[in-house]
Every structure is written in C-alpha cells, then in structure tokens.
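Let's take a walk through this protein together, one piece at a time. Keep the 3D view open and turn it as you read.

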Amino acid sequence: MERIVENIYPEKNEIPKEHLPDVPLLQNEYLLDGELHKWEGKTQDVYSPVCIRKGDQLEKLFLGSYPLLTAKVSEEALEAASTAYNNGMGDWPLMSVQERIRHVEKFTFLMKEKREEVVKLLMWEIGKSLKDSRKEFDRTVVYIQDTIDALKDLDRKSSRFEIREGVIGQIRRAPLGVVLCMGPFNYPLNETFTTLIPALIMGNTVIFKPPKYGVLLHQPLLEAFKEAFPRAVVNTVYGDGKEVVGPLMTSGRINVLAFIGSSKVADILKKQHPDPHRLRSVLGLEAKNPAIVLSDADLELAVEESVLGALSYNGQRCTALKILFVHQDIIDDYLELFKKKLDQMKVGMPWEEDVNITPLPEDNKTAMMQQYIDDALENGATLINENGGSAQKTIMNPALLYPVHRKMRIYHEEQFGPVIPVVAFEKLEEPLDYIIHSKYGQQVSIFGEDAEKIAALIDPLVNQLCRVNINSQCQRGPDTFPFTGRKDSAEGTLSVSDALRVFSIRSLAAAKANDRNKQIITKILKEDKSNFLSTDFIF
Ligand code: G3H
C-alpha cells in the first residue's frame with residue numbers, strides 16, 4: 001500500500017481546473033407543491049471529505065449549504081403529496097401508463113443535461129472516485145430506461161381480459177398512495193432513484209429526503225422534477241430526520257416507506273406509523289457478507305475478487321465483503337497475495353486516474369475504523385499489511401486483520417469501511433455456523449474449483465441468504481436481478497421489475513360475463529372511457 005504521504009491532500013491550485021466544483025452552492029430552495037420555495041431559515045453547512053492543504057493546515061473544502069426544514073414544512077409537503085394523490089383520484093394516479101411514461105422520459109432527458117454538475121457534486125460530497133461517480137449517474141439513467149421498458153411489458157401483459165368460471169376480469173397494477181423515499185449516502189443518487197422512479201411511474205406521489213451526506217447533488221435536478229412532473233407529484237424535504245421525517249410517519253398518511261439505511265432507523269420509522277398494517281415497507285439494510293475461500297480456490301482470482309469486494313468505494317457498500325473465511329491450508333499464501341495487492345492500490349483524491357482509496361465522508365469514520373482495529377489487536381489479531389489503518393484526516397489505508405475470531409467486534413459488526421477481517425477455517429461448518437448465527441442475510445461469495453463442493457454449499461446457503469456468488473464478489477447488479485436479503489438485511493425485493501410491483505397492488509375490474517355486462521365493457525373500450533379498463537397496447 002502506498003503510504004499516506006503528508007501531502008496526500010492538494011493545495012487548491014494543484015487541483016485540475018476541470019475537477020474543481022462550482023461552489024459554494026448555497027441551496028436555499030426546496031420543491032413543494034410544484035413550486036421551488038425560498039428558504040430563509042436555518043441551513044446545514046456541507047463540507048467535502050476532501051481536505052485542502054493550506055501551508056501546514058488541512059481543511060475540508062466548504063461545498064455549500066442546504067435548508068434545515070421544520071416539521072411544519074414537512075407537514076406541508078405531506079399535505080401537497082396527499083392532495084396530489086387525492087385518494088387515488090388525483091390526475092397523476094388516474095393518468096394512463098403511457099402518459100406517466102412520457103413524464104418520466106422528459107425527466108430523464110432533463111436529468112441527462114445535468115450529468116457533469118451532478119457527477120462533480122457526487123464526487124466532492126461523498127468522496128466517490130470520478131469513475132465510480134460517473135458510473136453511478138449512468139447506471140441510474142439506464143435503470144430509469146429499463147424501468148420504462150419493464151412497465152411497458154407489464155402493461156402489455158395486463159392489456160387483455162381473462163374469463164374464468166363465467167367471470168370476465170381485467171387485472172392491472174394500481175398505485176398505493178404517498179411514498180416516502182430515503183436513500184443512503186453511499187449511493188445517494190442511484191439508490192434514491194431506484195425507489196423514487198418506480199414509485200412515481202406506478203402512479204404514487206412522492207416525498208423524498210436525501211441522505212445526510214449527498215444532498216447538494218440533488219439540487220441541479222430540482223428544476224427537472226418541477227418541469228417534468230405535474231404539481232406536487234414530487235416533493236423534497238431536508239434536514240434532521242427527527243424533525244422532518246417523524247411527523248410524516250406519525251401522521252399515518254405515508255403508505256409506502258422506501259428506505260435504504262440502518263435497521264435501527266428503519267425500526268424507529270416503522271414504529272412511528274400509527275397503523276403499521278397499512279404501511280408497506282421496502283428496506284435495504286446492513287449486511288456482513290462473508291467470502292468462503294475453499295482450499296482448491298484459484299488463489300489469484302479469489303484474492304482479486306476479495307480485494308474488489310472488500311474495498312470498492314473503500315468498503316462502503318452494503319454488498320461489500322465484510323469478513324473473509326479462508327481455508328487454513330492456503331491462508332498464508334492468501335494473506336501474502338492480499339498484502340501484495342493492497343500494496344499496489346492507489347490512495348488518493350477522487351479525480352485521480354485509477355485511484356482506489358479515497359476520503360471517507362462520515363464524521364469520525366477513521367476513528368471508528370481505528371476502534372475496530374484496536375479491539376482486534378487487543379484480542380490477538382495482527383495487522384498484516386504495513387501502514388494498514390494509518391490515516392490522515394478523512395483518508396485511511398485499508399487494514400488487513402488476521403486471525404480474527406468471535407470475541408472481536410469486527411467479527412460481528414458491519415464495519416462499512418476499509419477494515420478487512422480474515423478468519424482461517426478447517427471445517428466448512430465454521431463459516432456455515434457463522435452465517436446461520438449472523439444477524440444478517442444478504443449474500444455470500446464462494447471461491448473454489450470443485451463443482452461438487454460448490455453445489456453442496458449452494459443448496460443450504462440459498463436458504464440462509466439471498467444470493468450465492470461463485471468465484472465472484474458480492475454485488476447488487478445487474479439491476480434486473482432481484483436484490484434483497486433476509487433477517488436484518490432487507491425487507492422486500494428490488495430489481496427493475498420487482499420495484500414496479502413493490503410500489504403497486506394488483507387491482508381488477510370484474511363482471512359476470514352476461515350480455516349486458518359485455519355490452520357495457522365493449523362500450524367502455526370502444527369509446528376509450530377508462531385508463532384501467534382498456535386494451536390499449538403500448539408500443
Ligand atoms: O450499498 C449497497 C448497494 O446496493 C450495492 O450496490 O453492489 O452495485 O455496489 P453494488
């Protein structure tokens with residue numbers, strides 16, 4: 001690992017001009033009831049995790065500020081979203097699928113025009129590499145386009161009648177009401193939009209609250225939301241969760257909670273709803289995905305994927321590999337190669353070419369990581385890589401820890417950062433036992449060459465977790481695959497097509513198939529009287 005050198009952070013004039021953000025961005029507006037309202041109350045300052053060197057001082061770059069709205073404004077947003085939904089009688093929920101698609105297409109067109117601005121803010125706000133920030137934006141655009149295609153497909157399948165037991169019926173998916181969307185800081189754009197867009201396109205109205213880090217990057221899109229969607233279909237709230245989210249949940253008027261974050265917060269939010277049975281939740285929560293490296297694994301590949309899995313975006317992915325079980329026969333070679341790969345990684349600023357390790361956005365994150373390291377060292381682990389865990393301000397060299405065991409915090413807790421715990425095992429029961437007793441149940445990666453051994457692991461593991469990756473790191477994508485988890489890791493399933501189902505319910509119009517009813521239905525169809533009872537085919 002390249003050592004974190006004293007001048008790892010640049011002086012302002014050393015930053016290539018094309019990467020400098022256009023800041024400070026003093027955001028003083030919020031989107032509510034179709035208007036961009038001016039906010040004159042308290043604001044929250046936003047600093048980049050990237051520090052700027054001034055002589056011997058290091059200071060986080062000031063990026064701007066955003067409104068700290070009050071409970072009252074949040075209630076106004078709820079009122080606006082509820083009015084636009086109007087118990088399913090608003091223009092948006094009654095609109096034809098085709099027309100709603102047109103609005104989303106318009107939004108996508110406007111969004112694409114803001115790519116550079118959003119990508120730059122994403123990079124500066126959360127320290128994600130430029131390459132990955134671009135990837136996040138582009139992946140989100142593709143996700144929206146795929147969502148439109150999936151909805152067309154769904155709608156085509158529903159554009160016909162079914163006749164069973166003398167009853168004629170048309171079954172379609174209908175919206176649920178007001179949706180509260182809250183994404184996480186590690187994918188503030190993508191994981192907000194992977195719930196927001198399907199929620200909207202299915203006819204719900206939305207309030208969305210950006211995560212604690214990754215707020216300003218949404219500002220360039222406010223105008224696009226305002227322009228592309230009818231009044232009050234999209235509303236934004238900003239600020240302290242207790243102040244602005246509490247009143248939404250306690251009102252009992254949120255029909256769907258789409259939240260990606262911690263199970264602790266998800267539980268608080270769900271409990272605030274007075275009629276929990278009325279609330280549908282789709283939650284993406286913590287995980288502690290293990291890798292199981294078998295004795296016959298292709299070492300080069302296993303290490304390569306383990307490094308990627310553990311350290312992409314500094315380990316700040318819910319799908320990251322957060323504990324590595326390696327067979328004891330190959331542990332020395334595995335660690336040696338891992339160390340070598342770590343030494344080749346580039347620590348630096350997010351805009352630098354081929355950078356792997358970048359500044360961490362959360363307050364005190366390096367100190368939290370150090371606590372995991374100290375606890376493991378006190379309990380008998382060794383720091384395998386030179387300079388592992390050394391940090392300067394917000395940036396930290398990854399720390400490879402071995403041997404890790406159940407007495408250490410890092411064995412059980414989700415680190416969500418660049419600390420890599422390795423456990424040696426002799427019998428497969430050991431990692432299996434870990435998975436069975438873990439609070440989490442998202443994914444696992446198995447590395448090995450023997451098909452029989454791998455098959456013997458797949459069958460029990462798919463019943464414990466929701467994805468078994470063979471000789472590959474854990475990941476969410478491709479976005480058409482189901483993304484979910486068991487236990488404390490998720491509620492509901494997200495994928496392009498699953499999300500459309502999550503934010504809707506099957507509803508039908510049905511009638512006894514007698515002549516009178518057939519005539520009525522035919523008239524409705526012929527005269528194009530209903531958007532629901534319709535055989536229109538979307539091309
Ligand atoms: O933070 C969790 C993300 O859903 C992970 O997505 O596997 O594509 O990085 P990813």
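In general, the strands of a sheet pair through backbone hydrogen bonds, either parallel or antiparallel. Keep in mind, too, that this is a predicted model.

With that in hand, find the open sheet of 6 strands, whose order is 10-9-8-11-12-24 and whose pairing is mixed. At its edges sit strand 10 (234–236) and strand 24 (490–491), each of which pairs on one side only. Take strand 10 as an example: 3 bridges link it to strand 9 (residues 205–209), and the two pair in the parallel sense. One spot to look for is Phe 208, whose bridge partner in strand 10 is Thr 236.

Next, move to another group of strands. Strand 4 (residues 43–54) and strand 5 pair in the antiparallel sense, over 9 bridges. Within that pairing, Cys 51 has Lys 60 of strand 5 as its bridge partner. Strand 4 and strand 5 form a hairpin with 2 residues between them, and in the turn Gly 55 has a positive phi of about 65°. Strand 5 (residues 57–67) is also joined to strand 1 (residues 25–26) by 2 bridges, and here the two run parallel. There, Leu 26 is partnered with Ser 65 of strand 5.

Which residues surround the ligand? They are Arg 139, Asn 186, Tyr 187, Glu 191, Arg 317, Cys 318, Thr 319, Gln 475, Arg 476 and Phe 483. A side-chain N or O atom of Asn 186 is 2.8 Å from an oxygen atom of the ligand, and for the side chain of Thr 319 the distance to a ligand oxygen is 2.7 Å. Arg 476 takes part through its backbone, with an N or O atom 2.7 Å from a ligand oxygen. On its own the ligand has 310 Å² of accessible area, and the protein covers 95% of that.

Finally, visit helix 18 (residues 515–526), where you can check a length yourself. Its 12 residues should span 16 Å at 1.5 Å a residue, and this agrees with its end C-alpha atoms, which are 16 Å apart. After helix 18 comes Asp 528, whose phi is positive, near 55°.

Definitions and conventions
Residues numbered from 1 in each chain as written. Predicted model: local features only at pLDDT ≥ 70, side-chain atom pairs only at ≥ 80, totals over all residues. Heavy atoms only, no water. Pairing = 2+ DSSP bridges. Helix = DSSP H or I, 4+ residues; strand = E, 2+ residues; numbered from the N terminus. Near = heavy atom within 4 Å. Polar contact = N/O pair within 3.5 Å; in protein donor to acceptor, adjacent residues only side chain to side chain. Areas by Shrake-Rupley, 256 points an atom, 1.4 Å probe, with all protein chains shown as cover. Expected span 1.5 Å × (residues − 1).
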